[in-house]
Amino acid sequence: MANPLTKSERETLKSLYRLSRDGGDAHTGALAEALGVAPGTATATVKRLAERGLLDHRLYRGVELTTAGRAVAVAAIRRHRIVERFLADMLGYAWNEADRLATSFEHDLPQEVEERLYVALDRPQSCPHGFPIPAPEVVDIPAMPHLYALEPGDVATVAVPGSTDPEMVAFLDTLGLRPGVRVEVREKHPFDGPLVLRVDGHDRTVGEKVAQHIYVKKDLEMIKETKPA
Ligand SMILES: [Zn+2]
């Protein structure tokens with residue numbers, strides 16, 4: 001059996017998973033930027049992960065996770081989100097503090113402790129940012145649309161990435177836009193104009209830049225039962 005993955009190897013897999021899911025270029029340059037490390041460091045980690053069969057690195061085509069690599073990345077994301085929930089629900093940290101703190105120790109948790117935490121937390125469906133906690137052995141997390149992708153009449157629940165700038169978090173807070181909050185789109189102005197949202201009984205206008213930053217889980221439309229007379 002190969003050595004367990006290091007913290008930086010797992011963070012690299014998580015980052016690659018996010019980059020490819022967001023449709024971004026998973027080149028080592030983008031990866032180094034996302035991880036906040038030197039390009040040479042990212043390249044060396046990518047090489048080690050390729051040797052373990054967790055990703056393919058092809059010249060000019062960038063880095064692509066293999067199925068095994070995706071499974072490890074999704075398991076790491078699952079753990080991260082469970083640890084975030086622990087920090088927020090049991091230790092009382094604010095949702096926007098949980099991401100950074102979780103990363104500082106999640107890698108050292110034994111698998112067994114992760115499972116017990118999950119049960120002790122009553123099997124949560126999402127992290128404090130509003131992103132889903134995937135079931136074990138899942139290899140793909142369904143992508144969530146941006147708030148800006150919604151149309152008038154749509155109702156959805158908000159998710160805010162942990163990497164969000166604190167100033168943006170403070171601004172969103174003034175609008176009542178926090179993870180888990182439900183919004184209804186009232187209007188969408190044409191030509192990339194702003195959205196008008198109903199948030200907690202108030203109409204709020206949100207520009208495209210902000211709306212592209214927030215993710216949403218759309219409410220399923222009610223299936224109307226039409227019984228024949
Ligand atoms: Zn989170």
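Of the contacts in the chain with a separation of 6 or more, 65% are between residues 24 or more positions apart, where contact means heavy atoms within 4.5 Å. This is a predicted model, in which local features need pLDDT of at least 70, side-chain atom pairs count only at pLDDT 80 or more, and totals for chains, interfaces and linings use all residues. Residues are numbered from 1 along each chain as its sequence is written, and side-chain values use heavy atoms, with hydrogens and water left out.

The chain has eight helices and seven strands; helices (H or I, at least four residues) and strands (E, at least two) are DSSP runs, numbered from the N terminus. Taken along the principal axes, the box filled by the C-alpha atoms is roughly 60 × 50 × 45 Å. The chain holds 229 residues, and 40% of them are buried. Buried stands for under 20% relative accessible area, exposed for over 50%, and partly exposed for values in between, with a 1.4 Å probe and protein chains only.

Helix packing comes next. Two packed helices are described by the angle between their axes and the distance between the axes. Here axes are lines fitted to C-alpha atoms, for helices over the stretch in contact, and angles run from 0 to 180 degrees between N-to-C directions. Angles under 35 degrees count as roughly parallel, over 145 as roughly antiparallel, 65 to 115 as roughly perpendicular and the rest as oblique.

Helix H1 (residues 7-21) packs on helix H3 (residues 39-51) at an angle of about 90°, and their axes are 10 Å apart. H1 is therefore roughly perpendicular to H3. On the H1 side the contact is made by Ser-8, Glu-9, Thr-12 and Leu-13, and on the H3 side by Thr-45, Arg-48 and Leu-49. The residues of this contact of H1 with H3 divide into two nonpolar, three polar and two charged. In this division Ala, Val, Leu, Ile, Met, Phe, Trp, Tyr, Cys and Pro count as nonpolar, Asp, Glu, Lys and Arg as charged, and the others, Gly among them, as polar.

H3 also packs against helix H2 (residues 28-35): the axes come within 8 Å and cross at roughly 110°. This makes H2 roughly perpendicular to H3. Thr-28, Leu-31 and Ala-32 of H2 meet Pro-39, Ala-42, Thr-43 and Val-46 of H3. The residues of the contact of H2 with H3 are five nonpolar, two polar and no charged.

Further along, helix H4 (residues 67-90) and helix H6 (residues 111-120) pack at about 50°, their axes 10 Å apart. That angle makes H4 oblique to H6. The crossing of H4 and H6 is left-handed, a term for a near helix turned anticlockwise from the far one by less than a right angle, with right-handed used if the turn is clockwise. H4 contributes Arg-78, Arg-79, Ile-82, Phe-86 and Met-90 to the contact, and H6 contributes Gln-111, Glu-114, Glu-115, Leu-117, Tyr-118 and Ala-120. The contact of H4 with H6 comprises six nonpolar, one polar and four charged residues.

The zinc ion has as its protein donors Glu-84 (OE), Cys-127 (SG) and His-129 (ND1), which lie 2.0 to 2.3 Å from it. Along the chain these donors follow the spacing E-x42-C-x1-H. Donors are N, O and S atoms within 2.8 Å of the metal (3.2 Å for Na, K and Ca); water is not among the atoms, so sites may look incomplete. Cys-127 and His-129 are both buried.

The remaining residues are in loops. Gly-180 is in the loop between helix H7 (166-174) and strand E4 (182-188). Gly-180 has a relative accessible area of 48%, so it is partly exposed. Not counting residues up to four places away in sequence, Gly-180 touches Thr-157 and Val-158. Gly-180 and Ala-88 are 92 residues apart in sequence and 14 Å apart in space, C-alpha to C-alpha.

Pro-190 lies in the loop between E4 and strand E5 (195-199). Its relative accessibility is 59%, so Pro-190 counts as exposed. From Pro-190 to Val-83 the separation is 107 residues in sequence and 41 Å in space, C-alpha to C-alpha.

Most residues other than glycine have a negative phi, and most peptide bonds are trans. Phe-191, in the loop between E4 and E5, has a positive phi of about 55° although it is not a glycine. Phe-191 is exposed, with a relative accessible area of 82%. Asp-200, in the loop between E5 and strand E6 (202-206), has a positive phi near 50°. Asp-200 is exposed at 69% relative accessible area.
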